[in-house]
Amino acid sequence: MKKFFAEWEKQEAILLVFPHKNTDWKPYLEEVRETFCQILYAIIQVQSCLLICDNKKQVKDFIQNFFTQNHYDLKLTKRLYCIELPTNDTWARDFGGISILNQNKIQILDYGFNGWGLKFPANYDNQITQKLKIKGILKNVKTKKLILEGGSIESNGEGILLTNTQCLLEANRNPSYSQAKIEKILKKDLGLKQILWLNYGYLSGDDTNSHIDTLVRFIDKKTLVYVRCENPKDEHYEALCKMEEELQNLRDLDNKPFKLIPLPFCEPIYYKNKRLPATYANFLFINGAILFPIYGDKNDKKAMNTLQKACPKHKVIPIDCSILIRQGGSLHCISMQFPKGSLKLKKTQSFYFS
């Protein structure tokens, strides 16, 4: 039996990749690194954080200085593990290994990553899961041929996966595979009972071909939260209305509709005359909490309150992602969770002890 974990299940660590000067983050590198520090500090209060970096000494110096200046508890860095590896970028959600339970053992599936359909270089990022396996950090890794990004799939932990045709059927990912073929592969790989496909929904400025984690998310096995646009003059209005209709028509394994909770739509945010794909759906579950992206938008508080009410057992923690969204992604996009028992971390790799 196989099981594709839901994100809210007990976690061991979150994978992050620290921005460096040879990425598109260079023009505002210090600002984005400060945002990463805020995120990793929120993580290490409740679990481990596995941080890939290009220069371990420089990154440790930056983190230590930031923690000291902000009066953060440096003792918590015993849960922070810095691993030096070359990287193209920071979008760990899409090249990080995908965790399943296979015959009562956790297995990490290493799918191919080709820079969102050959849009961007991915030669280093595509190797990260294997490099972590070689270093003994990931214990049970299986390489898969399919091109698949973690941001393109959503699991309810009970055998249902939500995705969309815009991304998975895009021509430069798996051009020789039909929808039926991809569905067959995913059901076998992930132990799925049902795949729910959407055909509508997008965000202007998004390079991923409409990753589902920017549009619709499971928060429990029967509840979906999604972005809703209520402004008929907004370019997204028609597509997101059609997506909402599709969600209303979805049925679970018992032929029952899902509970649907709309999140407000961000007001337009621009950078260098380009509209950015800001979204409140790109939140991250950690143990006992949800890290929630905000953008200095008038709808930030309403969106947070909506999710807090829907997830009363989790503390919703706001993270200003105004810098992250400049490169087309947000909080969930830069992270990948690993369930309890999936990693082998050494004390000598800890920021605090190394």
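Me: Why is L118 called exposed?
Reply: L118 has a relative accessibility of 60%. Exposed means over 50%. L118 is above that cut-off, so it counts as exposed. Keep in mind that this is a predicted model.

Me: Where is L118 found?
Reply: L118 is in helix α4, which covers residues 115–118.

Me: Which value does phi of S210 take?
Reply: Phi of S210 is also positive, near 70 degrees, and S210 is not a glycine. S210 sits in the loop between β10 and β11 (216–220).

Me: Is S210 buried or exposed, and how do you know?
Reply: Its relative accessible area is 7%. Buried means under 20%. The value for S210 is below that limit, so S210 is buried.

Me: How many helices and strands does the protein have?
Reply: There are 9 helices and 19 strands.

Me: How much of the protein counts as buried?
Reply: Of the 354 residues, 59% do. The protein exposes about 15400 Å², and carbon and sulfur atoms supply 47% of that area.

Me: Which strands make up the open sheet with mixed pairing?
Reply: It has 3 strands, in the order β8-β9-β10.

Me: Why are β8 and β10 said to stand at the edges?
Reply: Count partners. β8 (154–155) and β10 (194–198) each have a single partner strand, so one side of each is left without a neighbour in the sheet.

Me: How do you know that β8 and β9 pair?
Reply: Pairing takes at least two bridges. 2 bridges join β8 to β9, so the two strands pair, and they run antiparallel. S155 has L161 in β9 as its bridge partner. β8 and β9 also form a hairpin, with 4 residues between them. In the turn, G157 has a positive phi of about 75 degrees.

Me: What makes β9 and β10 a pair?
Reply: The same cut-off of at least two bridges applies. β9 (residues 160–164) and β10 share 5 bridges, so they pair, here in the parallel sense. N164 has L198 in β10 as its bridge partner. L161 stands opposite I195 in β10.

Me: Why is β9 called mostly covered?
Reply: Each buried residue must fall under 20% relative accessible area. In β9, 5 of its 5 residues are buried, so the strand is mostly covered.

Me: Which residues of β9 point which way?
Reply: I160, L162 and N164 point one way, while L161 and T163 point the other way. All are buried.

Key:
Residues numbered from 1 in each chain as written. Predicted model: local features only at pLDDT ≥ 70, side-chain atom pairs only at ≥ 80, totals over all residues. Heavy atoms only, no water. Buried < 20%, exposed > 50% of the residue type's maximum accessible area, 1.4 Å probe, protein only. Areas by Shrake-Rupley, 256 points an atom, 1.4 Å probe, with all protein chains shown as cover.
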